[in-house]
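Subject: Structure handover, salt bridges

Hello,

Here is the structure I said I would pass on. My notes on its charged side chains follow below.

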Amino acid sequence: MTRRQSGMALAELLVASVIAALVMVSLSGVLQGVQQTEAHLSGRALLQRDARLALARMATMVEGSQRLLVPLETTSGPRDVLAVALPPGLDRDGNGFADADNDRNGSPDDDLPADETHDGAAGIKGVDDDGDGSIDNGGSTDNDEDGTVGEAPVPPKNGNDWIDPVVYRVSGGQLLERLPNLNPTSGADYAERVIAEKVVSLEVTRIATGNRRTREVLVVLTLGDPAGETASWARRLRLGVR
């Protein structure tokens, strides 16, 4: 091989190396983009799964319930909390009595005390029932925190039954579900558990149906991932259809 041929071969090798490097850089960028897109889609799919599971859980309780406690009928606009009475047909321990039948007479919520939730607090203990920014504001027989002391719809015989609230609220980016413990001693005997993470907001709007016997809510749950992407899922729920 002559010196000239050797020089040309070296130049061609350098050009080929540069082209190969450019191709590798390009492919690396494409691969990185694909990985980012895959991670984004995977993250969104997980958010969608979590939102649907949480909304399905809420639907089970809301559609099985007979009483919408929060938002109040007088509330205008969305609230960040949802509360219903424990479904009258729910028997978690399988003892033959509904969990809501606290006095075990076969009729849940039939003998309510003046403090309908029997928790020693205005409205639902730990909840801002009327949305005025104050929690448990008033006496224990002010069952909706509106400043008016109420009375049980039916005068109690002994007041040994009470409304057991099921509450959904957001705290620290988590959607919490509150349920009464099994065989509770009062309405303050409950536990909370997480049913969704990465929660940005919960909006619950009471829907005007034109029929006082029909209770419906629109629930909008918004979740977000660490990258700042957010997505919302909505579900309209009617009480007493299960």
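A salt bridge here is a side-chain nitrogen of Lys or Arg within 4 Å of a carboxyl oxygen of Asp or Glu. Please keep in mind that this is a predicted model. By that cut-off, the side chains of arginine 92 and aspartate 99 form a salt bridge, with an N to O distance of 2.6 Å. Aspartate 99 counts as buried, because its relative accessibility is 11% and buried means under 20%. Arginine 92 is partly exposed, with a relative accessible area of 33%.

In total, the structure holds 9 salt bridges. A few others are described here.

Glutamate 192 and arginine 169 meet through their side chains in a salt bridge of 2.9 Å, N to O. Glutamate 192 belongs to strand 5 (residues 190-196) and arginine 169 to strand 3 (residues 165-171), so this pair ties together parts that are 23 residues apart in sequence. Both partners are partly exposed: glutamate 192 has a relative accessible area of 34%, and arginine 169 has 26%.

Arginine 79 forms a salt bridge with aspartate 80, and the closest N and O atoms are 3.8 Å apart. Arginine 79 counts as buried, at 10% relative accessibility.

There is also a network of salt bridges, which links Arg57, Glu177 and Arg193.

As background, side chains of opposite charge can pair when their charged atoms come close.

Regards

How values were computed
Residues numbered from 1 in each chain as written. Predicted model: local features only at pLDDT ≥ 70, side-chain atom pairs only at ≥ 80, totals over all residues. Heavy atoms only, no water. Buried < 20%, exposed > 50% of the residue type's maximum accessible area, 1.4 Å probe, protein only. Helix = DSSP H or I, 4+ residues; strand = E, 2+ residues; numbered from the N terminus.
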